[in-house]
Amino acid sequence: MILSALLTSVGINLGLCFLFFTLYSILRKQPSNLVVYAPRSVAEENAEERSRFNLGRLVPSPGWVRRAWQLSEEELLSISGLDGVVFMRIFIFSLRVFMTAAIIGIFVLLPVNFLGNQLSLDFSDLPNKSLDVFSISNVNNGSNRLWIHLCAVYVFTAAVCYLLYYEYDYISSKRIACFYTSKPQPNQFTILVRSIPVSSRSSFSETVENFFTEFHSSTYLSNSIVRRSSKLQQLVNDADNMYRRLVRLKSTRHTRERPRCDGFLGLFGHKVDLVDHYEKKLQDLEDSVRVEQSSLVAKEVPAAFVSFKSRYGASLALQIQQGVNPTEWITEPAPEPQDVYWPFFSASFVKRWISKLIVVLAVIVLTVIFLIPVFIVQGLANLAQLETWFPFLKGILSITFISQVITGYLPSLILQLFLSFVPPIMLMLSSIQGHIAHSRIERSACNKLVWFTIWNIFFANVLSGSALSQVNVFLEPKEIPRVLAQAVPAQASFFIAYVVTSGWTSTSSELCRMFALICNFIKRTCSGNDDDFEVPSVPYHSEIPRIILFGLLGVTYFFLAPLILPFLLVYYCLGYIIYRNQLLNVYAPKYQTSGKLWPLVHNSMIFSLVLMHTIAIGIFGLKKLPLASTLSIPLPILTLVFNDYCRKRFLPIFMAYPAECLIKKDKSDQNDPTMAEFLDKLVTAYQDPALMPIQHSQNSDRHSPLLGADNNV
């Protein structure tokens with residue numbers, strides 16, 4: 001890619017960023033858009049009423065930037081929990097890393113690269129020259145200036161390891177501090193028990209009750225057996241949605257709105273009075289729910305949530321094998337009650353195993369299919385190859401601006417469009433993998449997407465952009481440094497354009513929430529009601545992989561093509577401000593993992609460092625400086641040793657709380673007068689929501705359903 005093509009891409013994306021910022025500043029002030037740009041305030045009934053029109057609504061203002069910037073970490077912790085704090089700490093960590101990298105790369109390495117003469121350079125035609133003149137490719141082979149690059153790699157590695165250690169220590173300390181200051185949570189006192197042995201003389205609930213009463217008599221409190229309730233859950237969801245629509249309809253100024261059609265979007269079907277129509281449908285749904293609830297008595301599955309009187313008692317039961325047969329009485333940590341994902345409890349071990357196998361195969365197939373758009377993108381980025389494929393386009397491609405747009409902006413845009421379909425697919429695949437918590441599904445999707453993007457966005461573009469036949473290099477490990485050293489620098493210009501498009505523009509578009517805005521407009525236009533909305537949660541599974549990918553690009557190209565570093569810094573600054581604003585106004589946490597996503601970020605950064613070291617070994621060899629290549633070999637070894645120390649020092653804190661913390665917290669709770677009430681509520685905390693009494697309509701039967709009080713104490 002030539003310099004003018006990159007400048008064209010930067011200009012287009014800067015214009016789009018400015019457009020998104022301007023639109024957001026105007027659209028967020030319109031009262032009809034509150035549910036789009038401030039759903040948290042609407043849900044908490046803190047939104048300001050703006051009924052009168054004033055010209056200030058049409059004037060963009062940067063006040064939201066100041067409010068987002070001034071938000072303290074304690075305030076962020078109170079509104080978004082520790083996960084929100086850790087999410088923003090990832091941006092802070094990345095800014096620290098790449099500010100350090102930019103100081104070294106821009107002020108030291110970039111001049112060294114530019115002043116080399118390995119590549120021919122005509123200053124009179126600089127805009128039409130390749131960006132390779134700013135990369136290590138322009139440094140003469142065997143030049144002593146390459147020692148500067150080796151020293152930079154050592155210094156940068158030490159800086160990143162220090163920042164990783166500092167951040168791991170800070171977040172783990174924050175995790176412990178939040179645990180000490182938190183109120184008692186049901187998941188701290190509860191474990192999930194699977195593979196309960198089948199008994200011909202008793203039900204699963206009785207078997208669990210007898211087992212834990214005998215072997216955990218001093219700490220056992222209660223159990224909630226799991227039942228097959230997928231059909232019932234759908235009926236309950238339909239009834240809840242119908243009830244909310246009915247309440248909002250009655251809360252309008254006119255108790256009886258004019259008759260509307262009962263068909264699609266209120267445009268088709270028979271004309272009916274909506275209040276009477278919804279009341280009748282709600283009554284029918286409640287009757288169906290009660291019938292289904294009464295039929296679930298014999299639908300127990302061999303799984304139960306077992307609660308204890310203390311955190312230490314629950315932890316002890318979790319860590320110790322419960323039965324002689326290790327395939328029975330299998331224990332695992334219980335998620336928060338609102339985090340439980342109920343559909344897969346009824347799945348057998350074989351079904352879960354088959355599901356995991358299907359998911360693995362599906363991810364492999366998706367990875368292979370995604371190579372098609374990667375090849376298309378690499379073809380567009382190469383103008384000569386594009387003219388070979390489509391000779392009839394030579395006339396159009398000869399126009400300077402058109403060729404600059406096609407090679408500089410279009411490839412990264414197409415790749416980003418294809419990649420936008422991947423996160424929901426990964427989330428869907430993770431949901432059928434057998435996880436029993438929404439947070440675990442999201443973390444699983446996040447892990448899949450991280451390695452999917454690293455392979456398909458980085459490695460696939462690098463290898464397909466140089467020579468597809470080099471993919472088999474992974475079968476010859478000794479050749480990996482050499483091939484990567486040849487292929488990676490050649491794709492620097494493409495990844496700079498990708499950071500600008502996928503980073504700047506995509507992150508700025510997060511402000512406008514165009515899809516939610518369009519849906520809200522259609523809903524208001526067709527049904528006249530915009531009250532039926534749900535406060536979204538942070539899409540960690542899609543955003544964290546993108547942050548990690550850009551971190552990989554920054555670390556990898558730090559000494560190869562430091563020109564990418566300013567563009568990365570702009571992305572992280574945008575992300576820091578924009579997502580603080582979104583956490584404040586838009587996203588609300590539905591569950592908490594207490595920062596368990598940080599180890600993934602740490603491991604990904606370690607992988608990026610080792611990849612950089614591998615490329616350094618190869619590039620110094622290609623540049624005829626074998627001694628520098630040899631001196632690079634200790635770097636990946638030292639990095640992996642550092643990572644092993646961090647895993648032993650910090651990772652156990654993210655897996656489970658230590659006994660010291662549990663016992664201290666249990667002792668402090670002994671003086672808490674609310675603990676008795678909490679333990680009473682804990683008995684029913686993990687009851688399937690579908691089994692709870694449903695009494696929405698005025699004429700509903702006030703008696704609890706058959707399973708309304710079914711719990712073993």
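1. In this predicted model, the largest nonpolar core has 139 residues, and F87, F458, Y557, F558, F559 and W598 are the ones that touch the most other members. The biggest contribution to this core, 19 residues, comes from helix α5 (residues 73-114).

2. Leaving aside residues up to four places away in sequence, F558 touches A101, I104, G105, L109, A152, V153, F156, L565 and M612.

3. There is also a second, separate core of 16 residues, with F204, V208, A314 and L318 among them.

4. Helix α23 covers residues 564-585. Of its 22 residues, 18 are buried, so the rest of the structure largely encloses α23. Its length is consistent: at 1.5 Å a residue the helix should span 32 Å, and the C-alpha atoms at its ends are 32 Å apart.

5. On the surface, a nonpolar patch is formed by V350, W353, I354, L357, I358, V360, L361, I364 and V368, which together have about 840 Å² of accessible area. L361 belongs to helix α11 (residues 349-369). Its relative accessible area is 48%; because the cut-off for exposed is over 50%, L361 counts as partly exposed.

6. For the chain as a whole, there are 28 helices and six strands. Of the 713 residues, 52% are buried. The chain exposes about 33200 Å², and 63% of this is supplied by carbon and sulfur atoms.

Conventions. Residues numbered from 1 in each chain as written. Predicted model: local features only at pLDDT ≥ 70, side-chain atom pairs only at ≥ 80, totals over all residues. Heavy atoms only, no water. Patch = residues over 30% accessible without salt bridge, like charges linked within 9 Å, V, L, I, M, F, W, Y side chains within 5 Å. Areas by Shrake-Rupley, 256 points an atom, 1.4 Å probe, with all protein chains shown as cover. Salt bridge = Lys/Arg side-chain N within 4 Å of Asp/Glu carboxyl O. Helix = DSSP H or I, 4+ residues; strand = E, 2+ residues; numbered from the N terminus. Buried < 20%, exposed > 50% of the residue type's maximum accessible area, 1.4 Å probe, protein only. Core = buried A, V, L, I, M, F, W, Y, C linked by side-chain atoms within 4.5 Å. Contact = heavy atoms within 4.5 Å. Expected span 1.5 Å × (residues − 1).
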